[in-house]
Amino acid sequence: MTTVGSGGSAAMSPRQRMIRAVLALVITLAGVLLLGVLAPANAVAWIKVLHVLAVISWMAGMLYLPRLFVYHSQATPGSETSETFKVMERKLLEYIINPAMIVTWVAGLWLAWQVFGFRGGWLHGKIALVILLSGAHGFFAGAVRRFEEDRNTRSHGFWRMMNEVPTVLMVLIVILVIVKPF
Ligand code: HEM
């Protein structure tokens with residue numbers, strides 16, 4: 001029987017998830033390479049468009065997921081509300097956050113290499129902050145799994161605090177890339 005908690009992508013095995021992540025990476029890499037080959041004149045502008053769209057999607061998910069954890073941590077394990085949050089969190093992670101992070105990284109690294117040759121203090125600072133952001137992403141992905149298994153032990157206050165981490169990193173990253181202060 002398909003329940004709310006076990007339906008859809010929540011029922012995918014770790015192997016299926018891995019295959020989907022690898023597929024997303026391969027498709028993105030192929031797209032970026034193709035654009036580089038087919039439209040060399042304005043490839044940079046198009047990759048930047050792709051990068052900014054992916055950043056928007058990644059950040060939308062990273063700002064919303066810990067907010068879901070705030071409410072989920074107050075729901076009774078096994079209740080219908082809790083099971084609904086599980087589906088919302090798993091789908092947000094797998095359909096939006098994971099693919100958007102991959103596209104952001106691939107397009108961002110391509111720009112860093114093509115336009116700046118990986119030089120510039122602001123770029124190194126930005127990459128360091130994006131590594132921290134990716135660490136937060138990994139932590140949230142682990143939390144989705146723990147919530148799924150009803151093993152969350154963190155309070156809603158903790159998740160409220162974690163909600164601010166992607167916000168602060170995002171502000172600093174955007175200042176670095178736009179102002180380029182060093
Ligand atoms: C994954 C690692 C990332 C790398 C290597 C990277 C690198 C770059 C590079 C080289 C540019 C072009 C900058 C220019 O032409 O002046 C760029 C543009 C941009 N990046 Fe990233 N980026 C990354 C992730 C992010 C993230 C996480 C954010 C936001 C939270 C972000 C926000 C932006 C924005 C808003 C622009 C457009 C700036 C402009 O055109 O003036 N990037 N990125």
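I looked along H3 and found a kink of about 40°, centred on Leu93. The bend at a residue is the angle between axes fitted to the seven residues ending there and the seven starting there. Helices here are DSSP runs (H or I, at least four residues), numbered from the N terminus.

I noted that this is a predicted model, where local features need pLDDT of at least 70 and side-chain atom pairs count only at pLDDT 80 or more, while totals for chains, interfaces and linings use all residues. Residues are numbered from 1 along each chain as its sequence is written.

After H3 comes Gly117, with a positive phi near 55°.

Next I looked up the ligand. I found 22 residues around it, the closest being Trp105, Gly108, Leu111, Ala112 and Val130; a residue counts if its C-beta atom, placed from the backbone, lies within 6 Å. H3 gives the largest share of this shell, eight residues.

Last, I compared H2 and H4. Their axes come within 11 Å and cross at roughly 35°; axes are lines fitted to C-alpha atoms over the stretch in contact, with angles from 0 to 180 degrees between N-to-C directions. Among the residues that meet are Phe69 in H2 and Phe140 in H4, contact being C-beta atoms, placed from the backbone, within 7 Å.

How values were computed:
Helix = DSSP H or I, 4+ residues; strand = E, 2+ residues; numbered from the N terminus. Contact = placed C-beta atoms within 7 Å.
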